[in-house]
Amino acid sequence: MAGGSVLITGANGTLALPAVDYLLKNYPDYTAILTVRDASGQDPNTEKLRETISRYPAAKASIHKLDLAHLSEVHEFASALSEEITAKKIPPLKTILCNACYWNLVGDSELTEDGYDKTFQINHISHVALVLRLLGTFAPDGGRIVMFSSEAHEPHRATLENIPPSIPEDFDLLLKPAPIEDKRGAGFHRYGNSKLATTAWTHAFNRYLEKDENLNKITAVAYNPGGLVDSRMFEKNVSSSLNLLMRYAVRPLLPLLKLQNPQLRTGADSAVDAIELALDHVNPGERGYFEMLEKADSSPESRDEVKQEKLWTRSAEWARINKDNTALKGAFK
């Protein structure tokens, strides 16, 4: 089967919708496997995804329900997809874009049925589970995994930051953060910590991939797509004042604001970069952290190898990964 498969989580999101359009238009040989939390016809954003696919009648694309707030659902999806690839019903994976994301800037930490902070589970733990479960479904010539980072992973960069992101000594605080009176500050802190954990984990992940003779042709990148001013995340779980600020001030003034901060952009801008990076067309064979398409140094804390290894171990435990359910067996005892 030509091309290979492209798996995108959160495929009806602000960045993902134009990414799917760009992929189907420019790379029709690829098979798009698109996951969404709500695959029903009642979700207007999933309907937009269906409309996008319908513009390409010859497209090889399918939509799948996957709620990353339920870890059992992630493992079930990974098992089913692995079986389809093994049975050659769909091509081996070429890339995974871990795009799905969540935050809540108006409330306390929400716990999933797995007992984890919802922001941390969706943004980090469930993507770790998905990626490690599916490593064995890549073609022998490898591919690339795109983990989504953010400027929020690094202290004193994000405008919304009130509490700098940091990996606590007690890792359980990532799973069950203490309530703080400043709801927006606490919510963005949870978001920043999830992106910091993902960025640090990606560095450790690459070390294990490089050591594995069967998987060393797979590269992983932590991709900061820039500040997406048109993100739908500003329409839910945020204050009305922040929503109005983004809608009526930041978005209209984007051309001027970009002169001061070139990382401000739209989802459509980042979508093209994400697909080109995922398909290894830019910076081929490179690993590590990328700010848009430029390789860069991630935050000092994310480059701390001791913390990376601790996060690697704990993330596998949280994600229910062991040597029996991943192809990266050398990374586990």
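This is a predicted model: local features need pLDDT of at least 70, side-chain atom pairs count only at pLDDT 80 or more; totals for chains, interfaces and linings use all residues.
1. The largest cavity has a volume of about 30 Å³. If you are looking for others, the structure holds one cavity of 30 Å³ or more.

2. Helix α6 covers residues 183–211, and helix α10 covers residues 305–319. Their axes come within 8 Å and cross at roughly 90°. Since angles of 65 to 115 degrees count as roughly perpendicular, α6 and α10 are therefore roughly perpendicular to each other.

3. On the α6 side of this contact you will find Ala197, Ala200, Trp201, His203, Ala204, Phe205, Arg207 and Tyr208. They meet Glu305, Gln308, Glu309, Leu311, Trp312 and Ser315 of α10. The contact of α6 with α10 has eight nonpolar residues, along with three polar and three charged ones.

4. Next, have a look at helix α1 (residues 16–26) and helix α9 (residues 267–278), which pack with their axes 8 Å apart. The angle here is about 50°, and α1 and α9 are therefore oblique to each other. The crossing of α1 past α9 is right-handed.

5. What does α1 bring to its contact with α9? Pro18, Ala19, Tyr22 and Leu23 come from α1, and they meet Gly267, Ala268, Ala271, Val272, Ile275 and Glu276 in α9. By class, the contact of α1 with α9 has eight nonpolar residues, one polar and one charged.

6. Are helices α3 and α4 roughly parallel or roughly perpendicular to each other? Helix α3 spans residues 71–86 and helix α4 spans residues 118–134; their axes come within 9 Å and cross at roughly 25°. Angles under 35 degrees count as roughly parallel, and α3 and α4 are therefore roughly parallel to each other. In passing α4, α3 makes a right-handed crossing.

7. The α3 side of that contact is made by Leu71, Val74, His75, Phe77, Ala78, Ser79, Leu81 and Ser82. From α4 come Gln121, Ile125, Ser126, Ala129, Leu130, Arg133 and Leu134. The residues of the contact of α3 with α4 divide into nine nonpolar, five polar and one charged.

Terms used:
Residues are numbered from 1 along each chain as its sequence is written. Side-chain values use heavy atoms; hydrogens and water are left out. Axes are lines fitted to C-alpha atoms, for helices over the stretch in contact, and angles run from 0 to 180 degrees between N-to-C directions. Helices (H or I, at least four residues) and strands (E, at least two) are DSSP runs, numbered from the N terminus. Angles under 35 degrees count as roughly parallel, over 145 as roughly antiparallel, 65 to 115 as roughly perpendicular and the rest as oblique. Contact means heavy atoms within 4.5 Å. Ala, Val, Leu, Ile, Met, Phe, Trp, Tyr, Cys and Pro count as nonpolar, Asp, Glu, Lys and Arg as charged, and the others, Gly among them, as polar. On a 1 Å grid over the protein atoms alone, a cavity is a set of points where a 1.4 Å probe fits but cannot get out, and a pocket is an open set with protein on both sides within 12 Å along at least five of seven lines; lining residues have an atom within 4 Å of a point. Grid points are joined across faces, edges and corners, and a volume is the space filled by probe spheres set on the points. A crossing is left-handed if the near helix is turned anticlockwise from the far one by less than a right angle, and right-handed if clockwise.
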